[in-house]
Amino acid sequence: MPIQAALHQALGVAPPLAYIPPPLRQQRQAIRQQTLIQRAFNRKLTQQKTSHWCTWNLRSGRQRGLQQAMLDLKALHIGFAILTSTGFTKNKSDPYCDWVIHSKHFEGYDIYAMEANSVSQGGIAIAIYNPRDASKKPPFHLENVQQHGHNCISCLYCTGIRKLPMIGAYLLTGPQGLDDLHNHAQTAFDQYPSTRYSPVFMGDFNVDLDTNNPNNLDRQQQALDFLSANGDLQSMVPHFRQRRRYVNMGHTTWAQHMEDGTVRRSKCDYICCRDKRLFTNVALREPETYSKTDHFMIKASFLNATPR
């Protein structure tokens, strides 16, 4: 043993790096390397456990509106989306056309769209991230995608250990929206009994469920009764902390600037579920990169698997 190392040992002082025995130095490097590998694995495991959902009113998916929305979804790492007010219709000039005209796959997303009431009213679509590259496949997939009328769509969201019914709806203003709620949306819920599944209901309901002074009390009451009868569903946004900007706006998801300088706001987009423990966060977001819409997006981080 060198004299310097013996002196440090006698005094109980840590030796400099130059006097650390080579086996101990290699052991520290191996531990550091294993730690880095474990951290990389933990990050990958977290990504596999969590996926991002959203519901968003596009105002119109025509004229490249759908493609611009897909670019925004990809920028926010959205894996599953319910898109409302798409406005897709069939080709009226072709009497033999029986499908809705829209992009089926764009930027890694598969799109399932329903025929709207008209070009400027209604329509709903599902977008799910499903890239062609097998190495980038997400840890979830969809089953049993079904259409219910023009403004309601349902599917079964499947992960490794969970199967969740996803029901999306765009309830138009007026009596037609309530008819779609009690007829088409109820048909979608009847497929998946709430005693066996934990359904998720999301979309644009065109009603404020939280206010004490609604513009249409009957519409609000019918919507609340519907949510209560189908599994005690409730909005997930109030259960999570929001950014100060959205808190000051009262969690509203729609805004319109009037000619007199005032701003009209309303809360009409929702993600409803009965178990908030399935989510790590539900928040309002405003993508401003490509899409031009007057609605905010509701983004939810969903747990594909139970964290250990």
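Is E107 buried, exposed or partly exposed? E107 is partly exposed, with a relative accessible area of 33%, where buried stands for under 20% relative accessible area, exposed for over 50% and partly exposed for what lies in between (1.4 Å probe, protein chains only). The model is a predicted one, in which local features need pLDDT of at least 70 and side-chain atom pairs count only at pLDDT 80 or more, while totals for chains, interfaces and linings use all residues. Residues are numbered from 1 along each chain as its sequence is written, and side-chain values use heavy atoms, with hydrogens and water left out.

We can start with the chain as a whole. It holds six helices and 15 strands; these are DSSP runs numbered from the N terminus, with helices being H or I of at least four residues and strands being E of at least two. Among its 308 residues, 44% count as buried. The accessible surface of the chain is about 17,200 Å², and carbon and sulfur atoms hold 50% of that surface; such areas come from the Shrake-Rupley method with a 1.4 Å probe, and for residues only the protein chains shown count as cover. Contacts (heavy atoms within 4.5 Å) also say something about the fold: of those in the chain with a separation of 6 or more, 67% are between residues 24 or more positions apart.

The charged side chains come next. Side chains of opposite charge can pair when their charged atoms come close. A salt bridge is counted here when a side-chain nitrogen of Lys or Arg is within 4 Å of a carboxyl oxygen of Asp or Glu, and the count comes to five. In one of them, E107 meets K74, with 3.1 Å from N to O.

Another salt bridge joins R132 and D110, whose closest N and O atoms are 3.7 Å apart. Because R132 is in the loop between strand 5 (124-129) and strand 6 (141-147) while D110 is in strand 4, the pair ties together parts 22 residues apart in sequence. R132 counts as exposed at 58% relative accessibility, whereas D110 counts as buried at 10%. K267 and D210 form a salt bridge too, their closest N and O atoms being 3.0 Å apart. Here K267 sits in the loop between strand 12 (263-266) and strand 13 (269-273), and D210 in the loop between strand 9 (200-204) and helix 5 (217-229), so parts 57 residues apart in sequence are tied together. K267 is buried at 12% relative accessibility, and D210 is partly exposed at 41%.

Aromatic rings give a second set of links. Rings of Phe, Tyr and Trp (its six-membered ring) pair if their centres lie within 6.5 Å, with planes under 30 degrees apart called stacked, over 60 edge-to-face and the rest tilted. There are 15 aromatic pairs by this rule. W53 and F80 make an edge-to-face pair, at 6.2 Å centre to centre and 70° between the planes. This pair links distant parts of the chain, with W53 in strand 1 (residues 50-57) and F80 in strand 2 (residues 80-84), 27 residues apart. W53 is buried at 0% relative accessibility, and F80 is buried at 0% as well. The rings of F201 and F205 are stacked, because their centres are 4.7 Å apart and their planes lie at 25°. F201 and F205 are both buried. Ring pairs also join W53, F80, F140, Y157, F279 and F302 into a cluster.

A nonpolar core is a set of buried Ala, Val, Leu, Ile, Met, Phe, Trp, Tyr and Cys residues joined through side-chain atoms within 4.5 Å. The largest such core has 31 residues, and W53, F80, Y157, M166, V200, F279 and V282 have the most contacts inside it. Among the elements giving two or more residues to this core are strand 2, strand 5, strand 9 and strand 14 (279-285). A second, separate core has 19 residues, including I167, L171, L209 and L227.
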